[in-house]
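Hi,

Here is the structure I promised to pass on. Have a look at it first, and then read on for my notes.

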Amino acid sequence: MSKKTTPTYVPALVTVATVGVAAGAAYVARTRKKEVTGMVVNRVLERPAGRSSYSDLGQSLERAGTFLTGRAARAADTHANRELLAHIIGIERWGQQRLNAALGKPADQTDTYHPYRPPQDTTLRDLQALITTTRAATVDLTRRLGHNPPDDTLTIQHNSLGPMTPKAWLRYLTQHADLESRKLRGE
């Protein structure tokens, strides 16, 4: 009985092809970053959010906020968890400031999120309370946008994702907090 063997060059060929595809993808991502980012923003944020009303987006923010506050409440008092909660709060407050432009208020569209972060010495308990009040403020902002909806073509600049509609911003804030809060660790 003869044993069929795979030539040794087949795994090497597969490895070279895989590395080549990965290198090609990295090259495309580097050279066409704006196009790739625009495509992702369109498919993940703009399209789904565009089909939603401000009422729908507000309800989604509230539901996600329940999970967010639950994860925050179960988080252990560690430096990493405090940093993560401060980051989530800072991004959400920064997004609120940007979204105020949709309500006709002046909003700096070039600043970073860092000034909106709570101070580094904020306690876990205070961060847990801030996460709740910050999300409640986003839900309130969403309701105000629903009562006075901006033009569907209005876009507001995101520093790394580019211009997004207010609805896409709200979806972004929902998803950002949800994804980041999953990194919180309990005791």
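Let me start with a pair of charged side chains: Asp 111 and Arg 98 meet in a salt bridge, with N and O 3.0 Å apart. The pair links distant parts of the chain, since Asp 111 sits in the loop between α4 and α5 and Arg 98 in helix α4, 13 residues apart. Asp 111 and Arg 98 are both buried. Please keep in mind that this is a predicted model.

Arg 117 counts as buried at 17% relative accessibility, whereas Glu 83, at 23%, counts as partly exposed.

Now to the helices themselves. The axes of α4 (residues 79-99) and α5 (residues 124-147) come within 10 Å and cross at roughly 20°, and the two helices are therefore roughly parallel to each other. Their crossing is left-handed. Residues making the contact include Leu 85, Ile 88 and Ile 89 of α4 and Leu 127, Ile 131 and Leu 141 of α5. By class, the contact has 12 nonpolar, three polar and four charged residues.

Across the whole structure, a search finds nine salt bridges. Another joins Glu 180 and Lys 183 (3.2 Å, N to O); Glu 180 is buried at 16% relative accessible area, while Lys 183 is partly exposed at 47%. Finally, Arg 71, Asp 178 and Arg 182 are linked in a salt-bridge network.

Best wishes

Note on methods:
Residues are numbered from 1 along each chain as its sequence is written. This is a predicted model: local features need pLDDT of at least 70, side-chain atom pairs count only at pLDDT 80 or more; totals for chains, interfaces and linings use all residues. Side-chain values use heavy atoms; hydrogens and water are left out. Axes are lines fitted to C-alpha atoms, for helices over the stretch in contact, and angles run from 0 to 180 degrees between N-to-C directions. Helices (H or I, at least four residues) and strands (E, at least two) are DSSP runs, numbered from the N terminus. Angles under 35 degrees count as roughly parallel, over 145 as roughly antiparallel, 65 to 115 as roughly perpendicular and the rest as oblique. A crossing is left-handed if the near helix is turned anticlockwise from the far one by less than a right angle, and right-handed if clockwise. Contact means heavy atoms within 4.5 Å. Ala, Val, Leu, Ile, Met, Phe, Trp, Tyr, Cys and Pro count as nonpolar, Asp, Glu, Lys and Arg as charged, and the others, Gly among them, as polar. A salt bridge is a side-chain nitrogen of Lys or Arg within 4 Å of a carboxyl oxygen of Asp or Glu. Buried means under 20% relative accessible area, exposed over 50%, partly exposed in between (1.4 Å probe, protein chains only).
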